[in-house]
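Subject: Handover of a structure

Dear colleague,

Please find below the structure that I am handing over to you, followed by an account of what was found in it. I would be grateful if you could read the notes with the model open.

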Amino acid sequence: MINRLGDSLDFQSQALMLRSERQRLLASNIANADTPGYVARDMDFTAALREATGSGPAAGQALRAGLAGLPGQGGVAGEAHLRYATPSQSNLDGNSVDMDRERASFADNSVKYEATLRFINGHVRTMLDAMKSPQQG
Amino acid sequence: MSMFRIFDVSGSAVSAQSQRLNVVASNLANADTVAGPDGKAYKARHVVFQTELMGELGAAGVRVSSVGEDNTAGRRVHDPKHPGADAEGYVTYSNVNTVEEMVNMISASRSYQNNLEVMNAAKSLLLKTLQMGQS
């Protein structure tokens, strides 16, 4: 029982890590909105989460352990899940940041990050309730 | 925790944009500067942004790689009565394009605001993360 709750918590924590990484990626895009030649990047969240949690919690840990050995790559998601954005309107200076899209993605990711946080809080509360003895009410 | 990098990324962007705003301010202030005795008027300056990788994968900040001078010729106005006029009666003003600088200013201040908002969002998310499991 507690094992199953732990697995579920692990899934949510992987999702939270990926969300925070995507947040950082979007922040980088917004920061480089005026840099000539910068190409906006975004994460394939579905694929990244599937790989991070893929075949049970072991896959995520293996991926993290593999990335920890590489210098400058402390994240859960590898380079493989980063995609280059195709600009809807091309820019003469080679910059492909679409500020409207980045802001929308940023807001979307913030809300989903918070949702994941609430799921984790809910799980913790459920576990704590399950641990309580009947006398404690 | 990768979210802490957002402060580095957005912070670098904010400081780069404020430097851009500074350069715009100095250009606008010198928009009507005339050439001195050496015949050289103020030249408009422009910042050049460059992406700066910040250690972790996908964390890309900004830095001002250089501040370049605009080398186009300055405005020449025929005004023989002006104390700064040359032998032919022409006064050379600086080559600042005021309209361009105003557009630059608006763009810089918008980007500044954007990055500040990103930092605020990251801050509130991190504060909520700190309270994980307590509610």
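Over which ring does the charged end of Arg19(A) sit? The answer is Phe45(A): the charged end of Arg19(A) is 3.7 Å from the centre of that ring. Please bear in mind throughout that this is a predicted model.

Chain B holds a contact of this kind as well. There, the charged end of Arg76(B) sits over the ring of Tyr90(B), at 4.6 Å from its centre. As for pairs of aromatic rings, the count over all chains is zero.

I turn next to the strands of chain B. Strand E1, residues 45-53, and strand E2, residues 60-69, are paired in the antiparallel sense, and nine bridges join them. Within this pairing, Glu52(B) stands opposite Gly61(B), a residue of E2(B). The hairpin formed by E1(B) and E2(B) has six residues between the strands. In that hairpin, Gly55(B) takes a positive phi near 75 degrees.

Strand E1(B) also matters for the account of the pockets. The largest pocket has a volume of about 230 Å³. Its lining consists of 14 residues, and those nearest its centre are Arg20(B), His46(B), Val47(B), Val48(B) and Asn104(B). Two or more lining residues come from each of three elements of chain B: helix H1 (5-29), E1 and helix H2 (98-130). Of the elements, E1(B) gives the most to this lining, namely five residues. Sorted by class, the lining of the largest pocket comprises six nonpolar, five charged and three polar residues.

The second largest pocket has a volume of about 170 Å³. It is lined by 14 residues, and the closest to its centre are Arg41(A), Leu53(B), Leu57(B), Gly58(B) and Ala60(B). The elements that give two or more residues to this lining are helix H1 (2-31) of chain A and E1 of chain B. Here it is H1(A) that gives the most, with three residues. By class, the lining of the second largest pocket has seven nonpolar, five polar and two charged residues.

With kind regards

Terms used:
Residues numbered from 1 in each chain as written. Chains lettered and ligands numbered in written order. Predicted model: local features only at pLDDT ≥ 70, side-chain atom pairs only at ≥ 80, totals over all residues. Heavy atoms only, no water. Pairing = 2+ DSSP bridges. Helix = DSSP H or I, 4+ residues; strand = E, 2+ residues; numbered from the N terminus. 1 Å grid on protein atoms, 1.4 Å probe; cavity = no way out; pocket = protein on both sides within 12 Å on 5 of 7 lines; lining within 4 Å. Points joined across faces, edges and corners; volume = space filled by probe spheres on them. Nonpolar A, V, L, I, M, F, W, Y, C, P; charged D, E, K, R; others polar. Phe/Tyr/Trp six-rings, centres within 6.5 Å; stacked < 30°, edge-to-face > 60°. Lys NZ or Arg CZ within 6 Å of the ring centre and 35° of its normal.
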